[in-house]
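Hi,

Here is the structure I said I'd pass on. Have a look at it first, then read my notes below.

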Amino acid sequence: MTLAVRYTAARTLDTAPAQTRPPGPGEVELAPAYVGICGTDLHIFHGDMDARVATPAVLGHEMSGRVIRVGPGVEGWSPGDAVTVMPLRWDGTCPACASGHHHICQQLDFIGIDSPGAMQQRWTVPAHTLVRLPAALALDRAALVEPTAVAVHDVGRAHVTEGERVVVVGGGPVGVLIALVARAAGADVRVVEPSPHRRALAQKIGLVAWDPATEDVADLVARWTQGAGADVAFEVSGAAAGVDTAVEALGVRGRLCLVAIHPRPREVNLHRFFWRELTLVGARLYDRADFERAVTLVADGTIPATALISKVVPLTEAPAAFEALEAGGDVMKILVDCADGQQGAVA
């Protein structure tokens, strides 16, 4: 018998025994090592996704771990292989899939939301979801590959190129990762974030961060760009004020990339879109190329994973970790150590 963290009702998680399901044809059994808690997990915890999530639900999709067993017909994987998982299962027949956009399949099973996730000691997944990790990459750092893949996809959707000026509105984990990926692409980047802790962390890893509560962001952008405006803005805050800030930051023919999930319609300054010929693009999830690029960026240190990991807790303390993230404060990314019952440390 193994343990799993389960969502059972709004603001209710438990750690309970879970049956281990042996891998069937085309499947692989994993031993998750570390699982990150993300914003979507918090939305589930709050009860915001009860119409979609069947309880009890095992959460978690930002993970690293090792192969334990392979099912019939699986080739190329062996016990002990270090892996992460691209947690998408598509139907292959819908219009999105037919157009080659499997990652936004109209019947998408997002593993960890629509089906059991990684926050357990044993996890059986389709072999096609595995992404190989370098042997030298520490598994705690590797748990940041999935959110980095989100950032890689976002930067790609916005077509960020060398020398462009980029504003990232929202300095949480995904916002900081977008800033780092955009910087790696050669962009000049500014992060807008009201949290002193998150601004300090962004500055610690070499990013320029502005405080929208005490600084006039529009004026800062005008001085930074000599009145031209930014080439690209990413809206990662999920707040109405963040949308306004991102739109106002853009120069002529600027691109706004919408990353955050806005649960309700927002007012948008469409006159600004008309007047400056702006472009709005959505960015959701990732594809395999994004994941493979993310592995490289984490492994080569472009993503300073250690600096972004605030805390590592054992599986049995995961419910308390959700509450800590909900409270905000001095936390960025919390990892759940699924390997044993001991509190981990970033090595």
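Strand 1 (residues 2-9) pairs with strand 4 in the antiparallel sense, over 2 bridges. (Strands are DSSP runs of E, at least two residues, and helices are runs of H or I, at least four, both numbered from the N terminus; two strands pair if DSSP finds at least two bridges between them.) Across from Val58 in strand 4 you'll find Arg6. Both strands belong to an open sheet of 3 strands, ordered 2-1-4 with antiparallel pairing. Its edges are strand 2 (12-18) and strand 4 (57-58), each pairing on one side only.

Before going on: this is a predicted model, where local features need pLDDT of at least 70 and side-chain atom pairs pLDDT 80 or more, while totals for chains, interfaces and linings use all residues. Residues are numbered from 1 along each chain as its sequence is written, and side-chain values use heavy atoms, leaving out hydrogens and water.

Next, helix 6 (residues 196-204). Arg199, Leu201 and Ala202 are buried there (under 20% relative accessible area with a 1.4 Å probe, protein chains only; exposed is over 50%). These three span an arc of only 160° around the axis, so they sit on the same side of helix 6 (the arc is taken from the directions from the helix axis to the C-beta atoms). Pro196 and Lys204, on the other side, are exposed. Strand 13 (208-210) and helix 11 (305-308) are among what covers the buried residues (contact means heavy atoms within 4.5 Å). Just past the helix, Gly206 has a positive phi of about 95°.

Cheers
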